Amino acid sequence: MSSESGIRGPGLPGTGANAGGDGVMTGYPLRDRLALLAGLAGPFLVALLLVPFRTDLSRTNAALILVVAVVAVAALGSRVAGALAALSAAAWFDFFLTRPYQTFDINTSADVETAVLLLVVGLIVSQLAARARRLEVITVTDADHLRRIHETAELAQSAKSSDTVVDHVRGQLTDVLSLRACRFEYGTLMGRPPRLEQDGNVAVGRRHRDVDIDGWPDGEIELRTYGNGHYLGRFMLTPGPGPVPPLQARLVAVTLADQTGTALDTAGPVKDG
């Protein structure tokens, strides 16, 4: 007979603004959508502001100003937003700042070279800016993940009750995976829900689901815990709205579950009721 401990909420299928009925992601996160909008509109507005000065401003300086706009978008958004900003900057540089004005024609080879260089430099710089921002996030995230794993390991060694470790890990999993709810089941496996596996992938039946593309599957997802190779229980995860956490976060979740299994194997299961 199985029992449940620490129910945070009902095991309902995940729903959200960007999850479809089949669990497929149907949109970008709000920040990315805003970055894409800025990639389209930002260079346009900058080029428009430069129109009154286009007869006095050299084409090179105008292009450099637009590159700054591209970098700003890429630094705040994503690679896609940065690339979109670079394309937008080249187009509006051509339209507003080269003769004949208000057309996408260019009469001089120098202006053609400047427009092409603006596009190429904008693309390169935008990718570098986006990469730098991503590396900064990864560094901060790594430190946070290491802290969680270290704290859980210490608790698993010192806690007098395995239930204390289970409750702690439920909270950690909720934060790491941005869950709506997380509960733990001791004992016998019931049903065949989707499963978060040791490699961070998700199995649905006999096939693997590419959650980075398709999003979480509907319903609860199990994350099993083992001690000395023996099944001891499972966390039942209810995904929250928003994008699926990256593979790194999913692997941290698996590590936390393994630490729970070690604590359960040492202390023994919590009594039912």
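## Buried residues, cores and helix packing in a predicted model

F96 is buried, with a relative accessible area of 7%. This residue belongs to helix α3 in a model that is predicted. Its C-alpha atom is 9.8 Å from that of L49, although F96 and L49 are 47 residues apart in sequence. With neighbours up to four places away in sequence left out, F96 has contacts with F44, A47, L48, V51, R54, Y101 and Q102.

**The chain as a whole**

The chain contains seven helices and seven strands. Read from the N terminus, the order of elements is β-α-α-α-α-α-β-β-β-β-α-β-β-α. The chain has 273 residues, of which 41% count as buried. Among contacts with a separation of 6 or more, 71% come from residues 24 or more positions apart.

**Helices α2 and α3**

Helix α2 covers residues 59-76 and helix α3 covers residues 79-97; their axes are 9 Å apart and meet at an angle of about 155°. Angles over 145 degrees count as roughly antiparallel, and α2 and α3 are therefore roughly antiparallel to each other. The crossing of α2 past α3 is right-handed. On the α2 side the contact is made by R59, A62, A63, L66, V70, V73 and A74, and on the α3 side by A81, G82, A85, A86, A89, F93 and L97. Sorted by type, the residues of this contact are 12 nonpolar, one polar and one charged.

V70 is one of the α2 residues in that contact. V70 lies in helix α2 and counts as buried, at 1% relative accessibility. Beyond its neighbours within four places in sequence, V70 is in contact with G82, A85, A86, A89, G122 and S126.

In soluble globular proteins, nonpolar side chains tend to be buried together. The largest nonpolar core of this model has 28 residues, and those with the most contacts inside it are L173, L177, L196, L223, F235 and L237. Two or more residues each come from α5 (162-176), β2 (179-186), β6 (221-227), β7 (230-239) and α7 (247-267). The most is given by α7, with eight residues. Another core, of 20 residues, lies apart from this one and includes A47, V73, A81 and A85. Of these, V73, A81 and A85 also take part in the contact of α2 with α3, and A47 is among the contacts of F96.

L196 is one of the residues with the most contacts inside the largest core. Apart from neighbours within four places in sequence, L196 is in contact with L177, N201, V202, I221, E222, L223, L237, R250, A253 and V254.

**A buried glutamate**

E222 is buried, with a relative accessible area of 1%. Not counting residues up to four places away in sequence, E222 touches L189, P193, P194, R195, L196, R234, F235 and M236. E222 and E185 are 37 residues apart along the chain, and their C-alpha atoms are separated by 9.6 Å.

| Pair | Separation along the chain | C-alpha distance |
|---|---|---|
| F96 and L49 | 47 residues | 9.8 Å |
| E222 and E185 | 37 residues | 9.6 Å |

**Backbone features in loops**

R99 and P100 are joined by a cis peptide bond, with omega about -10°. P100 is placed in the loop between α3 and α4 (109-158). The loop between α3 and α4 also holds Q102, which is not a glycine but has a positive phi of about 60°. Q102 counts as partly exposed, at 40% relative accessibility, and is one of the contacts of F96.

S178, in the loop between α5 and β2, is another residue other than glycine with a positive phi, near 55°. At 44% relative accessibility, S178 counts as partly exposed.

Methods: Residues numbered from 1 in each chain as written. Predicted model: local features only at pLDDT ≥ 70, side-chain atom pairs only at ≥ 80, totals over all residues. Heavy atoms only, no water. Axes fitted to C-alpha atoms, helices over the stretch in contact; angles between N-to-C directions. Helix = DSSP H or I, 4+ residues; strand = E, 2+ residues; numbered from the N terminus. Parallel < 35°, antiparallel > 145°, perpendicular 65-115°, else oblique. Left-handed = near helix turned anticlockwise from the far one by under 90°. Contact = heavy atoms within 4.5 Å. Nonpolar A, V, L, I, M, F, W, Y, C, P; charged D, E, K, R; others polar. Core = buried A, V, L, I, M, F, W, Y, C linked by side-chain atoms within 4.5 Å. Buried < 20%, exposed > 50% of the residue type's maximum accessible area, 1.4 Å probe, protein only.
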